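Please look over the sequence and the 3D structure shown below before reading on. The paragraphs that follow lead through it step by step.

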Amino acid sequence: MTTFPIERVRAEFPALAGPHAFLDNPAGTQVPRRVIEAVSSALASAASNLGGAFEASRRADAIYARAHEAMAELLGAGSGGEITIGQSMTTLTFQLSRSLGRRFRPGDELIVTHMDHEGNVSPWLQLAEDLGLTLRWLPFNRDTWRIEPADLAALLNERTRLLALNYASNLTGSINPVAELAALAKRAGALVYVDAVQFVPHGLADVAKLGCDFLACSSYKFFGPHLGVLWGRAQLLRELHPYAVRCNTKDLPGRHELGTPQTELLAGLAAAVDYLVWLGELTGGSDSQPPVRGSRRERIAAAYGAASAYEMPLAQMLIDELRRIPGLEVQGITESNRLNVRVPTVSFTHPAHRNSDLARALGEKGINVWSGHNYAYEVARFLGLDEREGVLRIGLAHYNTQTEVERIVGELRGLIVR
Ligand SMILES: Cc1ncc(COP(=O)(O)O)c(C=O)c1O
């Protein structure tokens, strides 16, 4: 693998030219110039509704189709028809949960986890309340920081209708063995809904291999605009009764999409995937091999490979340095031989400091991080943390640098050790 071209990569992101260290990436990433330009150009030339018999509308149609195709490439889906795009992961999940609810009967069981973000908990919790369904809670293992198949097996039975779980945690950063867990749930006859919001910024999702039925993500976490994206099995999407207006299209991909699409953001979404393709071309080669020239999906895979090879050692350095600070406790995987089952999101607590105070002090120094439960409300409670204070979360992306890691660790040392 050639050295990661960090300066070339950073130059793509206008926001990174400023003095701030963006270490708040699990809450939203910065955006490359091509995304900004695609949004702006769509507003200038395609700000019309879809399906019209005129040029601007035809451009909007093309942008719509392109965004769905690009997301199919990114997630390994069969076609753009399997992709539903909406305002956010949370709205899509609430909406789909309502459609699925039409199939469930009182006494049916849903499994949610103590590891998930509220976006993949509350929709199911409220559905269970409305329909008289039984909700079962799947814990994560406090030693491995992941969901263990044996714990899932203990909850599955003939009444289980759905397993909702995350691919990677937005608080601890650990990655679940989703394929294995999905296979168990499918064997029991349950549907599997995967929240991949925190995985997709760091790893190649492959819906064909995972064996799940639905997979949701959010493009503002992977260098795109604020949109949610949901992949679903085409057959299921066709069968499900959509919560949509009566004259909405019955065809895929629009069947489960509500209202007029945000064309300019769809243009930005396709450009975010183009950015990953570009990154794959830039970084995909090795010293002995020319740059990757395969399919767009192969180039995307190369981008993820290069980004991980760069960002995970930085994450390990961050973890090691944080652990040198007396009293600080990392809430997640710390072993260097288990980097392959985590993303570079590192959360910690310190008994003598409020996380909100630390986050504020860092913010004043131009270092962006988040504190609190970060909507991983169940995780904070399961770990016995103060619900409001939660953790201090540092989340790396492939555009961060060793200097930024050194900078935050230095500042934290100053604030904590004093
Ligand atoms: C793991 C996870 N799931 C879901 C969401 C919600 O995504 P959205 O803001 O698109 O609703 C987030 C946002 O932080 C998240 O981290």
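With 21 C-beta neighbours inside 10 Å, W145 counts as buried, a residue being called buried if 20 or more other C-beta atoms lie within 10 Å of its own, exposed if 12 or fewer, and partly exposed in between, with C-beta atoms placed from the backbone. W145 sits in the loop between β4 and α6 (149-153), where helices (H or I, at least four residues) and strands (E, at least two) are DSSP runs numbered from the N terminus. The phi of W145 is near 65 degrees, a positive value in a residue other than glycine.

Some words on the model itself are needed here. This is a predicted model, in which local features need pLDDT of at least 70 and side-chain atom pairs count only at pLDDT 80 or more, while totals for chains, interfaces and linings use all residues. Residues are numbered from 1 along each chain as its sequence is written.

Y375 lies in the loop between β12 (370-372) and α13, and with 19 C-beta neighbours inside 10 Å it counts as partly exposed. The backbone also holds a cis peptide bond, which joins L252 and P253 with an omega of about 5 degrees; P253 is placed in the loop between α9 (234-239) and α10.The overall layout comes next. The protein is divided into domain 1 (6-31 + 299-417) and domain 2 (35-271), with bounds that come from an automatic or database domain assignment. The centres of domain 1 and domain 2, taken over C-alpha atoms, are separated by 26 Å. Where they meet, 29 residues of domain 1 are in contact with 32 residues of domain 2, two residues being in contact if their C-beta atoms, placed from the backbone, lie within 7 Å. On the side of domain 1 that touches domain 2, the elements that give two or more residues are α11 (296-323), β10 (345-349), α13 (377-382) and β13 (391-395). By class, that side of domain 1 has 17 nonpolar, nine polar and three charged residues; here Ala, Val, Leu, Ile, Met, Phe, Trp, Tyr, Cys and Pro count as nonpolar, Asp, Glu, Lys and Arg as charged, and the others, Gly among them, as polar.

What lies inside the protein? The largest nonpolar core has 126 residues, and those with the most contacts inside it are M71, V194, A196, L215 and A216; such a core is a set of buried Ala, Val, Leu, Ile, Met, Phe, Trp, Tyr and Cys residues joined through C-beta atoms within 7 Å. Helix α10 (residues 263-283) gives the largest share of this core, 13 residues. Because domain 1 (6-31 + 299-417) and domain 2 (35-271) both give residues to this core, it lies between them. For A216, leaving aside its neighbours within four places in sequence, the contacts are M89, L92, T93, D195, A196, V197, G228, V229 and L230.

From C-alpha to C-alpha, E129 and P106 are 10.0 Å apart in space, although 23 residues apart in sequence. After α5 comes G132, whose phi is positive, near 70 degrees.

With 19 C-beta neighbours inside 10 Å, S99 counts as partly exposed, and, leaving aside its neighbours within four places in sequence, S99 is in contact with L240, H241, P242 and Y243. L240 lies in the loop between α9 and α10 and is partly exposed, with 17 other C-beta atoms within 10 Å. Not counting residues up to four places away in sequence, L240 touches S99 and L100. L240 and R103 are 137 residues apart in sequence and 8.6 Å apart in space, C-alpha to C-alpha, whereas S99 and I36, 63 residues apart in sequence, are 34 Å apart in space, C-alpha to C-alpha.

The ligand remains. Which residues come nearest to the ligand? Of the 15 residues around the ligand, these are S88, T90, H117, G119 and N170, where a residue is near a molecule or strand if its C-beta atom, placed from the backbone, lies within 6 Å of it. By class, the shell around the ligand has four nonpolar, 10 polar and one charged residues.
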